[in-house]
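Me: I've got a structure open and I'd like to learn how to read its ligand sites and helix packing. Can you walk me through it?

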Amino acid sequence: MNSPKTIFSGVQPSGNLTIGNYIGAISQWVEMQDKYRCIFSIVDYHAITVKYQPEELKKRILEITKIYLAAGIDPKKSIVFQQSSVPEHTELAWILGCSGSYIADLKKMTQFKDKAGEKQDAVSVGLFTYPVLMAADILLYDTQAVPVGDDQKQHVELARDIAKRFNNEYGPSLVVPEAIVRKEGARIMSLSDPSKKMSKSDSNANSYIFLLDDIAVAKKKIMKAVTDSGTDIDYDPANRPALANLLTIYSQLGNRQIPRLVKDYQGKGYGEFKKDLAEVVAKFLIDFQNKFNNISDEEAKAVLESGRQQAAALARAKMEKIRQVIGVR
Ligand code: AMP
Ligand code: TRP
């Protein structure tokens, strides 16, 4: 019998997670748990590539764990663990940094260019080699598929290239993974500017909705969301991107297909549509936050410890083989 496909993904414990993170990444993971061997990590060593507060990081690690659980990740089905608790991740990152990763590739990474901005030479080396650590996360578990939002596709492509080059040099030892990106909702856009992705680090608080936002505040943000010209409700991403984004959010959080929504809102205007969407978002958040609030710190810590043990066993075995192929054992 073929063993099930292995899935790996992760989110950084930096900042509050938005409904974009949920729709683009985490909700996709929940659906995969029954079919595949799933490993979901809280990638804390990625969160220290930019300035951060240690106390805050500590808090966020448990918060993200609870968010995974509240979203429906079941630790009986999936491995949930903290990246830094399995030191083989950084060990493999070093090896891949020496074999398979080129400076020229890393310089092309959109996320690096965005985060480093003008001062590319004055940011940390870690921010630059961030995608190599991400490749190590993925390749350490013989991962076949990586469910992520659209913006992480480029990093998964790089992990593929690194795996292929490593295999060329040392013989077949790493599985070449592929990215899995949602057809709808892979890129939830800012509520105040539909040309930018919704981001937890946006300076305009009206542009995003946090999973842990106050319900009244979240509703107001929907009512304030920009819309395009026109008055009817129609799905036309090229010409009416703001409305298309709101329809996508409605569809994903309200479990109603977009064509169905367009039909249901025929003859109705933006006002009514937004009011209903605000209710859909509120209902989703209330349910989500109820689950979140019912998970204790102790429970989250126990999940991480059990996940650590499972991930560590896999990582230990894989690293032993890799140390042998590269000639240090
Ligand atoms: P990050 O917040 O960068 O750690 O991203 C965590 C996961 O959420 C990654 O898989 C991202 O691709 C995904 N993601 C982040 N922002 C969005 C967004 N606006 N729409 C869809 N997916 C997103
Ligand atoms: N870079 C990813 C992000 O910002 C997080 C991440 C780190 C990740 N390692 C990973 C995602 C491995 C998938 C697989 O969203």
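Me: Which atom of methionine 198 lies 2.9 Å from a nitrogen atom of ligand 1, one of the backbone or one of the side chain?

Reply: Before that, keep in mind that this is a predicted model. When you read a ligand contact, ask which part of the residue supplies the polar atom. For methionine 198, a backbone N or O atom sits 2.9 Å from a nitrogen atom of ligand 1.

Me: And which residues come nearest to ligand 1?

Reply: Start with the list of neighbours, then pick out the polar pairs. There are 17 residues around ligand 1, and the nearest are Asn21, Gly149, Asp151, Ile188 and Met198. Aspartate 151 places a polar side-chain atom 2.4 Å from an oxygen atom of ligand 1. Lysine 200 has a polar side-chain atom 2.9 Å from an oxygen atom of the ligand.

Me: On to helices. At what angle do α4 and α7 pack?

Reply: For a helix pair, read the angle and the axis distance together, then the residues. Helix α4 (residues 88-98) and helix α7 (residues 125-139) pack at about 115°, their axes 8 Å apart, and the crossing is right-handed. On the α4 side you'll find His89, Thr90, Leu92, Ala93, Leu96 and Gly97, meeting Val132, Leu133, Ala135, Ala136, Asp137 and Leu139 of α7. That contact has eight nonpolar, three polar and one charged residues.

Me: How are α10 and α12 arranged, and which hand does their crossing have?

Reply: Helix α10 (residues 241-254) and helix α12 (residues 270-293) have axes that come within 10 Å and cross at roughly 40°, so α10 is oblique to α12. Their crossing is left-handed. Among the contact residues are Leu243, Leu246 and Tyr250 of α10, and Phe273, Lys274 and Phe284 of α12. By class, the contact divides into twelve nonpolar, one polar and two charged.

Me: What about α3 and α13: which residues meet there?

Reply: Take the geometry, then the residues. Helix α3 (residues 54-71) and helix α13 (residues 297-325) pack at about 85° with axes 9 Å apart, and are therefore roughly perpendicular to each other. Ile61, Leu62, Thr65, Lys66 and Leu69 of α3 meet Asp297, Ala300, Lys301, Val303 and Leu304 of α13. The class count for this contact is six nonpolar, one polar and three charged.

Conventions: Residues are numbered from 1 along each chain as its sequence is written. Chains are lettered from A and ligands numbered from 1 in the order in which they are written. This is a predicted model: local features need pLDDT of at least 70, side-chain atom pairs count only at pLDDT 80 or more; totals for chains, interfaces and linings use all residues. Side-chain values use heavy atoms; hydrogens and water are left out. Axes are lines fitted to C-alpha atoms, for helices over the stretch in contact, and angles run from 0 to 180 degrees between N-to-C directions. Helices (H or I, at least four residues) and strands (E, at least two) are DSSP runs, numbered from the N terminus. Angles under 35 degrees count as roughly parallel, over 145 as roughly antiparallel, 65 to 115 as roughly perpendicular and the rest as oblique. A crossing is left-handed if the near helix is turned anticlockwise from the far one by less than a right angle, and right-handed if clockwise. Contact means heavy atoms within 4.5 Å. Ala, Val, Leu, Ile, Met, Phe, Trp, Tyr, Cys and Pro count as nonpolar, Asp, Glu, Lys and Arg as charged, and the others, Gly among them, as polar. A residue is near a molecule or strand if one of its heavy atoms lies within 4 Å of it. A polar contact is a pair of N or O atoms within 3.5 Å; within protein, one must be able to donate a hydrogen and the other to accept it, and residues adjacent in sequence count only if both atoms are side-chain atoms.
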